Amino acid sequence: MKVYEGRSAGVDAEAAVIEATSGWPDTVEMIFAFHSPRLDAQEVAAKLARTFPATRIVGCTTAGEFLGDSHCKGCLLYTSPSPRDRTR
């Protein structure tokens, strides 16, 4: 199983989604999204839905974002498990 991960410290939801998913395949089965409340949740969800229309997306705002062994405050983080290794 391949796990895709991405992060962005951008303040614009659309640009943050693009940065955080850079290098990901065009389709993934599920995305777990964790983001700072400083980003508009509706804008983040809308951009994710446009970028990955066939993907299940689960998300929430957080008080601190963790990815692997690193911590980021005020970031947008994604992780996506994928059964196959597909790259853009």
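This is a predicted model: local features need pLDDT of at least 70, side-chain atom pairs count only at pLDDT 80 or more; totals for chains, interfaces and linings use all residues.

Tutor: Residues are numbered from 1 along each chain as its sequence is written, and side-chain values use heavy atoms, with hydrogens and water left out.

Student: Why is Lys 47 called buried?

Tutor: Buried means under 20% relative accessible area, exposed over 50%, and partly exposed in between, with a 1.4 Å probe and protein chains only. Lys 47 has 13% relative accessibility, so Lys 47 counts as buried.

Student: Where does Lys 47 lie, and what does Lys 47 touch?

Tutor: Lys 47 lies in helix H2, residues 41–51. Helices are DSSP runs of H or I with at least four residues, strands are runs of E with at least two, and both are numbered from the N terminus. Not counting residues up to four places away in sequence, Lys 47 touches Glu 14, Val 17 and Ile 18, where contact means heavy atoms within 4.5 Å.

Student: What makes the buried residues of H2 one face of the helix?

Tutor: The buried residues are Val 44, Lys 47 and Leu 48. Seen down the axis of H2, they fall within an arc of 100°, so they line one face. The arc is that of the directions from the helix axis to the C-beta atoms. On the other side of H2, Gln 42 and Arg 50 are exposed.

Student: What makes the contact between Lys 47 and Glu 14 a salt bridge?

Tutor: A salt bridge is a side-chain nitrogen of Lys or Arg within 4 Å of a carboxyl oxygen of Asp or Glu. The Lys 47 and Glu 14 side chains meet at 3.8 Å, N to O, and form a salt bridge. The pair links distant parts of the chain, with Lys 47 in H2 and Glu 14 in helix H1 (residues 13–20), 33 residues apart.

Student: How many salt bridges does the whole structure hold?

Tutor: A search finds two. Glu 14 also forms a salt bridge with Arg 50, with the closest N and O atoms 3.3 Å apart. Salt bridges that share partners join Glu 14, Lys 47 and Arg 50 into one network.
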